[in-house]
Amino acid sequence: MRNISLSNTYWSRAFSWLSALAIGLLLAACGGGGGDPTLDGGSGGVVNRVPAAVSVALVDATDKASSALSSGTPLTAKALVVDSSGTPVVNVLVTFASDPALVLLSSTNGTALTDAKGVASITVSVLNASVSGAGRVTATVATATTPVSGEASYAIKAAQAAGARMTLSLLSGGSASNALSNATPLTARALVTDLTGQPLSNVLVAFSTNNALAIMSPSTGTALTNSSGTASVVLRPFSLAASGASTLQATATVPTGAVASGQINYVLGATDLLPANMQFSPASIAAYGTTNVTVDVLAGSSPYLGSGLTVDFSSACVLAGKASVSSGVPVLNGRATAVFRDLGCNDADIVTATVTGSASSYRATLPIGKVAPASIQFSAVSPVGRSIVIKGQGGLQRTETATLTFRVFDTFGRALAGQPVTFELLNGPDMTLNKANDTTDANGDVITTVNSGITPTTFRVRASLPSGVSTLSDTVLVSTGLPIQAAFSLSSQRSSVEGWSYDSPLGTPATIVTVLLADQAGNPVADGTPVSFQSNLGVVGSSSMGGCNTVNGGCSVDFRSQNPRTASDPAVPTPCNDLRNAGATKDSPRLGLATICASTTDGTKPLFAKIGIFLSDSHPANATLFDRGSVRNLNGGTYDLGEEPNAGVHQFSVRFSDLHLNPMPSGTTVAITNVANAIASITPSSIQNVYPHNLLGVDDRTGVNIDGDQGVLHAVTISSLTPTVCTVPVVSTFNVTVTTPLGNATSYPFRLTFSCP
């Protein structure tokens, strides 16, 4: 068992009544008290710690014995359980009971266990503040035979019924008042006491009123009473325009459950708060300077000394973004002060102060220094990224006028309006400056325009301020005139396509035709120059447009093979075959040769060019052998080249063309295949672009007067595998194979005998 020091306050006080209880019980057990000797096993037997007696004591919060109960002073019932020898019995269940109409026990079922000292405890509380009378607390311990118990008595004196009172008042400046205004806010004060008049502290008081007339601070309308029982809130008008009468209510609930309340009436009169006496410090400012602007706020004729009021400042320059000043400035001691900053107002400004929520305002003039122009800069040109065209050659996406923009800045780098600027044209023969002077707009910008002359050139414009400060524009190019016939160029990606027997798949043209245009200065024509295309065979262009618009002086269109594959008679008219046009020629009547015509205009006459594109077949219908002076058509079977000395080299040529004597398609390969007993090579090994030519071999891309076989010659060289050793003649065989881009292959077999000397 743990030793408990008698110096401990609690146990020092409890020791006396525990000792008394133990001595009393011991005497009862040993004397003629009629005790049962069997309870402890008889004289001289072993003590079995069987509860023999229970004694009960009531103690207060200081652990002193007491029998006086009240609603504010509960008692603790302590039961000491001992055996027949007076020794405390531990861990025994003790059941307490009392009159439930008078008291409450802290244990739900009124039970407790004895501790190490044999003591079980329970709290006894008065049922409520209104009950009174006397009663007893009993403590019972069950045994194997007869329960043992003890008791203690108490008396309850009925408490005075709980209650509270509230006194509500309205004060202004420490004096009673019920007149509320913006100039005179009211303090609502609630005094909460009990029924004897004693102040009650830490009581929550809730205030309420018509929110359309008045607002409270704190905004929740609640406050706690202080040590003197007082809770306060401040009452202010909802707005400057609000007026009328209303009631302020206050309610508080004290700890005993009693409710105290009060109410008081007040009247609200609309107050017109007036701004007055605006002052600037300093009284005037230089450009981009600052000043403090101060205004008084009056309630009637007296300064407004309340809180929560603000003043809005503004001006014409502020609204234009040329100055800044604060708004919503709080009023302190009847005065509001803001900082005004000039941002390029460039003149005197009228500053206005308005009390927030009021229609009254006050205005004063602030002198502001003029802004001086410091620089002028070139800021924009139109057209952007391209030149203007020579005079008389404007049109769609072409202009003869350059627009140049300059911007004037002040000493603080801000754009400056209302500044005169003069312009001067530099390096511009035949050019026209359309505006020699102007004044900057609200953005500080000033614009002039220049028209081109008849001479390709470059020019610049100088813009100057009256102070002599000036700047130059970027260099502007005058070029890119109308297209000329001499600079009209037409070409195709492939000159012969495998299109006599095949249509081009959608999205995969047979070839691409490109036109290039330039002006008289040798510059690419302006973007967007339209070019028209026509063809007497196949299809040229796209479904959206039969031609194209130039970009950087050129554009391209698709050509695809399809019907018609035979030209109509008479030919469809084009600028290229209209003999009334200088340089025009008739279309070629050659089968399988498409004539593509591209044309545009310079505004007075058509410009054009044409090119021929072969619609070639997929197999060479004509194969011509040129061998040592002899010419022969290879119509079928193996061609015998005869004999060649074993140490010699045999050379010959073949020419391949289709059924119309047109070249095989561009990209066709010609190769030596299946070579046996020889070394052979062929050149060229492929057919590239073959443009139409006449019998004399002169290049004639116009497609006029085309005649004769247009096929390509291929040189073949063949030699022995053993040029230095020959015992018996050796027969060599090989093929010349022609394969078109679409994979159509045609082979021509040859043989050659290498003889021994």
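Where does Ser 495 lie? In this model, which is a predicted one, Ser 495 sits in the loop between β38 (489-492) and β39 (496-497). Its relative accessibility is 0%, and because buried means under 20%, Ser 495 counts as buried. If we leave aside its neighbours within four places in sequence, Ser 495 is in contact with several residues, including Gly 612, Phe 614, Ser 666 and Val 690. With Val 690 there is also a polar contact, in which a polar atom of the Ser 495 side chain lies 2.6 Å from the backbone nitrogen of Val 690.

Let me turn now to the salt bridges, of which a search of the whole structure finds 14. In one of them, Asp 445 is joined to Arg 407, and the closest N and O atoms are 2.5 Å apart. This pair links distant parts of the chain, since Asp 445 belongs to strand β34 (residues 445-451) and Arg 407 to strand β30 (residues 401-410), 38 residues apart. Asp 445 is buried at 14% relative accessibility, whereas Arg 407, at 28%, is partly exposed.

Another salt bridge brings together the side chains of Glu 644 and Arg 628, at 2.6 Å from N to O. Here Glu 644 is in strand β49 (residues 639-645), while Arg 628 is in the loop between β47 (622-627) and β48 (630-633). Glu 644 is buried, at 7% relative accessibility, but Arg 628 is exposed, at 55%.

Finally, a word on a sheet. Five strands form an open sheet in the order β11-β10-β13-β17-β15, with antiparallel pairing, and its edge strands, β11 (175-176) and β15 (214-217), each pair on one side only.

Key
Residues are numbered from 1 along each chain as its sequence is written. This is a predicted model: local features need pLDDT of at least 70, side-chain atom pairs count only at pLDDT 80 or more; totals for chains, interfaces and linings use all residues. Side-chain values use heavy atoms; hydrogens and water are left out. Two strands pair if DSSP finds at least two bridges between them. Helices (H or I, at least four residues) and strands (E, at least two) are DSSP runs, numbered from the N terminus. Buried means under 20% relative accessible area, exposed over 50%, partly exposed in between (1.4 Å probe, protein chains only). A polar contact is a pair of N or O atoms within 3.5 Å; within protein, one must be able to donate a hydrogen and the other to accept it, and residues adjacent in sequence count only if both atoms are side-chain atoms. Contact means heavy atoms within 4.5 Å. A salt bridge is a side-chain nitrogen of Lys or Arg within 4 Å of a carboxyl oxygen of Asp or Glu.
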